[in-house]
Amino acid sequence: MSDSVSIAPATFDRFGLHHTLIRGIHAAGFETPWPIQVETIPPGLDGRDVLGLAQTGTGKTAAFALPLLDRLLGERRKGPRALVLAPTRELASQITEEIRALARFTRLKMATIYGGVSIHSQISALRQRPEVVVGCPGRVLDLLQQGVLRLGQVETLVLDEADHMFDMGFLPGIRKILGALPDRRQNLLFSATMPKEVRGLADDLLKTPHVVELADMAPATTVKHTLVLVAEQRKHALLEHVLTQDNCDSAIVFTRTKHRARRLAARLDQAGHRAVGLQGNLSQSQRDRAMRSFRSRHHNILVATDIVARGIDVSGVSHVINFDVPDTPEAYTHRLGRTGRAERHGEACTFVTASDSGWVRATERMIGSRIPRRQVEGFEPDVNEKPRRPDGRARNRPPHSARRGRSHRRAG
Ligand code: AMP
């Protein structure tokens, strides 16, 4: 789908980026540009719109950040000139950190704005007239409507994880934000998948975009993934088995609900594991603390829900364990993307019960291959098991295949 394929430059020097950015790239430890950067940076520098079909972990932040920063350095003008919208606070913070690292030898300023934390510090950050604003749509709109954030000088707009923003019901807010931007601007839209609503947004937004397609709905080949059939009530014992037998250096364990993530983290902690929970009911500072603790390996097990874990970049996660299957087949690939990153090898193990058979079929259809089954001795599924709700009561709703509804929780 990409309309031109550049010859991969051996180093970043050949893009002709501003020398301060080259220093930042070296300081960040990047040696060779990754495919998405090879494909995105040249058209980005030419001022073209870009549609990037790529997941987090591919290097897309630097792919959009470098052309954006290069443009900002071409002219000394303060105030928001680049706006990056991201679905979650964690992703917004991560993007700002990466942009800050790449721009560390420049004088450009950044502000991150998202809900769930005091608005005052964000207002004072905006008073510093940062050139780059990274934020979640809810709070951006809020500050825009309060007149604190002025977007009339924005030259580059980035929408990151557009599909996730749609999942979270942010598209109407984004369309309002677009109304506050000047018509003449560069647009860079990244999305791992292309539901029709995101396609519609891309069609409205992008003018003859350069299309970069890296999204592969199959999990990365660096991830060995398996399904383990298990009865719902034996999942805890199976988890204990997998955590201890599989040499899990660090694992992200996914649950279906916030409540289950909280309870499971507490249970693992009581059982002597170094586990921490990350779910949407935590305050922002609790979430930040949990992420820091997992990144620093103080805790080596992170129990999370999809909403907070998507897009999070943690290097060296050895295992992803799906304690509950995700709501959609697409989310499976996103979850597995938390391991096997940057050429490292990872393992993913999904616990499936008899009632998940519809989900298994839909997921295998999506990724185009059968997921290997793993038999764990002592954890054979009970063929007579009735479909059950996670709380153990009989399930009274259709199986997964028939309820691929989108979540509409908001991040801020
Ligand atoms: P992203 O997809 O933007 O979340 O990037 C995933 C991770 O790869 C981040 O930790 C980046 O800092 C890192 N990264 C991005 N590009 C490169 C590169 N060319 N060389 C080495 N690391 C990179």
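Angles under 35 degrees count as roughly parallel, over 145 as roughly antiparallel, 65 to 115 as roughly perpendicular, and the rest as oblique. Keep that in mind as we walk through this predicted model, where local features need pLDDT of at least 70, side-chain atom pairs count only at pLDDT 80 or more, and totals for chains, interfaces and linings use all residues. Residues are numbered from 1 along each chain as its sequence is written, and side-chain values use heavy atoms, with hydrogens and water left out.

Start with the whole chain. You'll find 15 helices and 14 strands in it; these are DSSP runs numbered from the N terminus, with helices (H or I) of at least four residues and strands (E) of at least two. Of its 412 residues, 56% are buried, meaning under 20% relative accessible area with a 1.4 Å probe, protein chains only.

Now zoom in on two helices. A packed pair is described by the angle between the axes and the distance between them. Helix α4 (residues 89–102) and helix α12 (residues 284–295) pack at about 60°, their axes 11 Å apart. Those axes are lines fitted to C-alpha atoms over the stretch in contact, and angles run from 0 to 180 degrees between N-to-C directions. So α4 and α12 are oblique to each other.

Who touches whom? On the α4 side, R89, E90 and Q94 meet Q284, R287, M291 and R295 of α12, where contact means heavy atoms within 4.5 Å.

Last stop: T193, in the loop between β6 (186–191) and α9 (196–205). T193 is buried, at 15% relative accessible area. Although 140 residues separate T193 from L53 in sequence, their C-alpha atoms are 6.8 Å apart in space.

How values were computed. Buried < 20%, exposed > 50% of the residue type's maximum accessible area, 1.4 Å probe, protein only.
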